[in-house]
Amino acid sequence: MNLENNKTLFVGLWNPQDKYSKTRHNIGADILIRFSKKNDLEFNLDKNSIYNFSAAEINGSNVEIILPMVSMNNSGDAIKSYFKYNNIEKTEVVIIHDDIDLAFGRLRIKKGSSDGGHNGIKSTNRVLNSENYYKFKVGVGRPPQGIDPADFVLSKFYNDEREEVEFLIEDSVEILNTFLNNKELAIRNASERRIIDVI
């Protein structure tokens, strides 16, 4: 198999600074970090120190992962740097990111959808000059009344959400693994994901 013709790039959007650890805005990168651990992958900083990089063959696919080491609003700079040395025409791009328009715990995978006001996606669109790539959207819920959305996404999950966040991350990792073999099944599994109320 010529894996060069079967390449998937996963990008986890986040703010890499320590003060933003475990915030809603960082859930995309948190999922990819867990995905990498599950697949025994290690990250290395690229030579321009603009993104962390990992690569492996998983499920017959050449998988490459980048975590931008720039602020969320400049995520596209890391993607641009990556594609300076890689063939964009032979790469399936999947951006994993938070979405406040999705209820907490819900997932969606869509290709070609709008940026939804997400600055990391806006930055990615500018670099790729396209919206025609996969977006793995992770629902973090709407902010409570009176809370600025920008402040909300930079806040940590509430105490009563944290257990569910662990399940959400694990389910997302499983869906990413499925995506490598069966995109349609992964899309369906994502759309059907629900929070299970435990009584």
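**Overall fold and packing of the predicted model**

The secondary structure of the protein comprises six helices and seven strands, where helices (H or I, at least four residues) and strands (E, at least two) are DSSP runs numbered from the N terminus. The model is predicted: local features require pLDDT of at least 70, side-chain atom pairs count only at pLDDT 80 or more, and totals for chains, interfaces and linings use all residues. Residues are numbered from 1 along each chain as its sequence is written, and side-chain values use heavy atoms, with hydrogens and water left out.

From the N terminus on, the elements follow the order β-α-β-β-β-α-β-β-α-β-α-α-α. The radius of gyration, taken over C-alpha atoms, is 16 Å, close to the 16 Å that the globule rule (2.2 Å times the number of residues to the power 0.38) gives for 199 residues, so the protein is as compact as a globular protein of that length. Along the principal axes, the C-alpha atoms fill a box of roughly 50 × 30 × 30 Å. Of the 199 residues, 50% are buried (under 20% relative accessible area; exposed is over 50% and partly exposed in between, with a 1.4 Å probe and protein chains only). Among contacts (heavy atoms within 4.5 Å) between residues at least 6 apart in sequence, 71% join residues at least 24 apart.

The seven strands form an open sheet of mixed pairing in the order 2-3-4-1-5-7-6; two strands pair if DSSP finds at least two bridges between them. Strand 2 (44-45) and strand 6 (107-111) are at the edges with a single partner strand each, so one side of each lacks a neighbour in the sheet. Strand 1 (residues 7-12) pairs with strand 4 (residues 61-68) in the parallel sense over five bridges, and F10 stands opposite I65 in strand 4. Helix 2 packs on the sheet, touching strand 1, strand 3, strand 4 and strand 5 (91-99), and its direction makes about 140° with that of strand 4. Axes are lines fitted to C-alpha atoms, for helices over the stretch in contact, and angles run from 0 to 180 degrees between N-to-C directions. Helix 5 (residues 162-181) lies across strands including strand 1 and strand 7 (134-139), running at about 165° to strand 7.

Helix 2 (residues 75-83) also packs with helix 3 (residues 119-128), at an angle of about 35° and with the axes 7 Å apart. Residues S75, G76, D77, I79, K80 and F83 of helix 2 meet G120, S123, T124, V127 and L128 of helix 3.

In strand 3 (residues 51-58) lies E57, which counts as exposed at 55% relative accessibility.
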